[in-house]
Amino acid sequence: MTEGLGDPVPGGGWRGWAALLAGALGERPGGVELVNLARSGALAAELAERQLPVARDLGPRFASLVVGANDTLRAAFAIERVAAALDRAHGALSADGAVVLTACLPDPGRMLGLPAPLARPLARRMRAVNTVVHAVSARYQGVHLHLAEHPWVAERACWSVDRLHPSERGHRLLARGFHAALAAAGLPVGTPPALTLDGPPPTRAGSARWMATRGTRWVADRCTDLLPGLLGLALQECRHGLTGSGRLLDAAADHATRTALAALDGADGSDHRPGSPQAPGRTDAPGRTDAPGRADAPDSPGGPDDARPGKTTATAKRAATMTG
């Protein structure tokens with residue numbers, strides 16, 4: 001998503017929401033340099049191990065940490081590994097003084113239109129990842145976008161032919177969502193990214209071409225990794241559905257998520273349990289989000305030299321480094 005898939009540029013390559021947002025930050029248009037470290041298919045652990053050190057060396061003013069959906073599409077999915085990687089990356093970037101952007105992501109099973117026995121396990125995994133993202137963002141007082149709950153997520157025109165990455169319109173809406181969240185948090189932003197499209201929207205013919213070329217390879221890759229395990233999960237889903245005990249699967253997933261968050265709590269003593277001061281989705285610092293699309297701003301944003309979350313003097317030129 002952050003690499004820009006779904007938003008092609010003339011001559012090849014991708015643009016995406018990160019580039020659109022970077023162009024709308026700072027005191028003047030184009031005044032913020034974008035370094036896009038994102039890689040298609042990257043997992044949370046890969047981000048923490050490979051992209052994070054490079055991002056930290058750049059001393060960014062803004063950094064995006066949008067990751068986790070790829071983890072749900074792997075047979076070896078483990079929420080505790082995702083949680084540890086997100087916590088490590090968010091904590092390090094925040095400690096460096098970066099304003100860290102996060103987002104909860106829509107359910108890939110629903111986006112792909114999978115049958116219920118296949119979609120439910122993926123939805124359970126995505127719910128776990130989103131719960132962790134909420135909690136980690138609250139812990140480090142990041143700027144969070146409730147993407148999974150935005151109305152435009154349900155619009156087919158907002159998604160590219162693969163149904164997993166935004167179309168140009170979707171990327172523009174995503175950039176505007178982050179722009180609004182940053183502005184509400186009292187951070188300096190310019191004019192919101194435009195919604196006027198540069199290219200045509202996705203078509204059915206385009207979807208068919210993608211599936212006949214790149215799509216078949218993508219499906220084959222997932223068949224050798226996710227599909228065998230997912231079929232097992234689907235059989236388990238059907239058995240529990242016949243006995244009316246599907247709630248046990250939900251309870252097991254919730255328990256695994258709580259255990260993963262508890263492991264993070266043990267590292268610094270903070271509390272991510274519902275109802276606690278640092279529960280998912282709530283923080284009393286700039287960037288706080290209590291509802292989709294809403295963030296409370298501080299009483300006085302102050303000038304460019306104010307000491308506030310995200311302030312950094314590591315580099316003279318501010319860099320928006322998108323890491324996930």
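Helix H2 (residues 44–58) packs against H4 at about 10°, and their axes lie 8 Å apart. Axes here are lines fitted to C-alpha atoms, for helices over the stretch in contact, with angles running from 0 to 180 degrees between N-to-C directions. H2 is therefore roughly parallel to H4. Angles under 35 degrees count as roughly parallel, over 145 as roughly antiparallel, 65 to 115 as roughly perpendicular, and the rest as oblique. The H2 and H4 crossing is left-handed. That label applies if the near helix is turned anticlockwise from the far one by less than a right angle; clockwise gives right-handed.

From H2, the contact uses Ala44, Ala45, Leu47, Ala48, Glu49, Leu52, Ala55 and Arg56; from H4, Val82, Ala85, Arg88, Ala89, Ala92 and Leu93. Contact means heavy atoms within 4.5 Å. By class, the H2 contact with H4 has 11 nonpolar, no polar and 3 charged residues. Ala, Val, Leu, Ile, Met, Phe, Trp, Tyr, Cys and Pro count as nonpolar, Asp, Glu, Lys and Arg as charged, and the others, Gly among them, as polar.

The model is predicted: local features need pLDDT of at least 70, side-chain atom pairs count only at pLDDT 80 or more, and totals for chains, interfaces and linings use all residues. Residues are numbered from 1 along each chain as its sequence is written, and side-chain values use heavy atoms, with hydrogens and water left out.

Helix H4 (residues 79–95) also packs on helix H6 (residues 116–139). H4 and H6 are therefore roughly parallel too. H4 passes H6 in a right-handed crossing. On the H4 side, Ile79, Val82, Ala83, Leu86, Asp87 and His90 take part; on the H6 side, Ala128, Val129, Val132, Val133, Val136, Ser137 and Arg139. By class, this H4 contact with H6 has 9 nonpolar, 2 polar and 2 charged residues.

The two pairs are set out here.

| Helix pair | Angle | Axis distance |
|---|---|---|
| H2 and H4 | about 10° | 8 Å |
| H4 and H6 | about 25° | 10 Å |

Arg124 lies in helix H6. Arg124 is buried, at a relative accessible area of 12%. Buried means under 20% relative accessible area, exposed over 50%, partly exposed in between (1.4 Å probe, protein chains only). Beyond its neighbours within four places in sequence, Arg124 contacts Glu237, Leu249, Asp250 and Ala253.

Leu233 sits in helix H8 (residues 204–243). Leu233 is partly exposed, at 23% relative accessible area. Not counting residues up to four places away in sequence, Leu233 touches Pro121 and Arg125. Leu233 and Pro121 are 112 residues apart in sequence, yet 6.6 Å apart in space, C-alpha to C-alpha.

Asp107 is in the loop between strand E3 (99–103) and helix H5 (108–112). With 18% relative accessibility, Asp107 counts as buried. Leaving aside neighbours within four places in sequence, its contacts are Ala119, Leu122, Ala123 and Met126.

Now the whole chain. The chain holds 9 helices and 5 strands. Helices (H or I, at least four residues) and strands (E, at least two) are DSSP runs, numbered from the N terminus. Their order from the N terminus is α-β-α-β-α-α-β-α-α-β-α-α-α-β. Of the 324 residues, 48% are buried. Among contacts with a separation of 6 or more, 74% join residues 24 or more positions apart. The chain exposes about 15000 Å², with 57% supplied by carbon and sulfur atoms. Accessible areas come from the Shrake-Rupley method with a 1.4 Å probe; for residues, only the protein chains shown count as cover.
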